[in-house]
Amino acid sequence: MSIVLIIWLGLVVYLVRLDRKITKLEDSLKK
Amino acid sequence: MPKYFFWKIALLIWLTLVIVAGLLMPMVPVPHAWYELPIIPALEDKARIIFFHVPMSWTTLVAFIASMVYGILFLKTKKMDYDLRSVSAAGLGTMFCVLATVTGSIWAKFNWGSFWNWDPRETSIFVLLLIYGAYFTLRSAIDVDEKKATLSAVYSVIAGVTAPFFIFVMPRIMTGLHPGAKGDEAGSTPVAQLHMPANMQVVFFASIVGFTLLYFWFFNLKVRSARLEQSIHQP
């Protein structure tokens, strides 16, 4: 159970950071 | 802040609750409380896989059908963005297919004693993985973008037609170990006819919805990062 939650939370953090990074890159290309 | 940021955080909280519910809701012989699930004879705790393995298979199908639809749109319009979306969907479909296969294999080890048994369900999912493996091999063998996109689109249409057959039909018309095989029609009723208690249905459908929305988010990220890569290489 704890392993599953650790893997899931790791994926959550990765996804959020990736989304923010892509958004930043898109915004910088628009400028 | 990324678009729809709060919806995405809500989805992640939703799926966290699904995972916690799916793994922690106690299984008892006679449920009394809303959070208690009934013990399914011969499966017991192994039944929890239904909250993850089935939604992954469902998401595989959604992704492969999406790849087919974008393939058709590319063939109609010749817009390269549709090819980008088609290959992104196919990639994600393959990823979810691998996850469904892995979770199924783990369940098979506990239930049938070995990870792989060449059961019709296992064989059909393996064939599906080979079909989409060939899709990526085809793409990597062609250098010209327009030709690559056209052939991939045609392939994705044919592959997309086979996906429902390998996921829904073939495992049910052959005898096998997996629940729902020919001769064990009752084994498919928990999913196909919703013969599960209401609280179990809530977690199950919450998982289906969550995984589907997660797929759309992955797809969105994949397409956006591919477009960024294109604009950097071809300004």
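## Basis of the model

Because the model is predicted, local features need pLDDT of at least 70 and side-chain atom pairs count only at pLDDT 80 or more, while totals for chains, interfaces and linings use all residues. Residues are numbered from 1 along each chain as its sequence is written, and chains are lettered from A and ligands numbered from 1 in the order in which they are written.

## Chain A

Chain A has one helix and zero strands, where helices (H or I, at least four residues) and strands (E, at least two) are DSSP runs numbered from the N terminus. Along the principal axes, its C-alpha atoms fill a box of roughly 45 × 5 × 5 Å. Of the 31 residues in chain A, 3% are buried; a residue is buried if 20 or more other C-beta atoms, placed from the backbone, lie within 10 Å of its own, exposed if 12 or fewer, and partly exposed in between.

## Contact between the chains

The contact takes 13 residues from chain A and twelve residues from chain B, with two residues in contact if their C-beta atoms, placed from the backbone, lie within 7 Å. On the side of chain B that touches chain A, helix H1 (5-24) and helix H7 (198-233) of chain B are the elements that give two or more residues, and H1(B) provides the largest share, six residues. This side of chain B divides into seven nonpolar, three polar and two charged residues, counting Ala, Val, Leu, Ile, Met, Phe, Trp, Tyr, Cys and Pro as nonpolar, Asp, Glu, Lys and Arg as charged, and the others, Gly among them, as polar.

## Helix H7 of chain B

The 36 residues of H7(B) should span 52 Å at 1.5 Å a residue, which agrees with its end C-alpha atoms being 52 Å apart; the expected span is 1.5 Å times one less than the number of residues. Its buried residues include Met200(B), Phe211(B) and Tyr215(B), and the buried residues of H7(B) pack against H1, strand S2 (37-38), H2 and H3 of chain B.

## Nonpolar core

The largest nonpolar core has 43 residues, of which Ala63(B), Phe64(B), Phe96(B), Ala163(B) and Tyr215(B) touch the most other members; such a core is a set of buried Ala, Val, Leu, Ile, Met, Phe, Trp, Tyr and Cys residues joined through C-beta atoms within 7 Å. The largest share of this core, nine residues, comes from H2(B). Not counting residues up to four places away in sequence, Ala163(B) touches Leu61(B), Phe64(B), Ile65(B) and Leu128(B).
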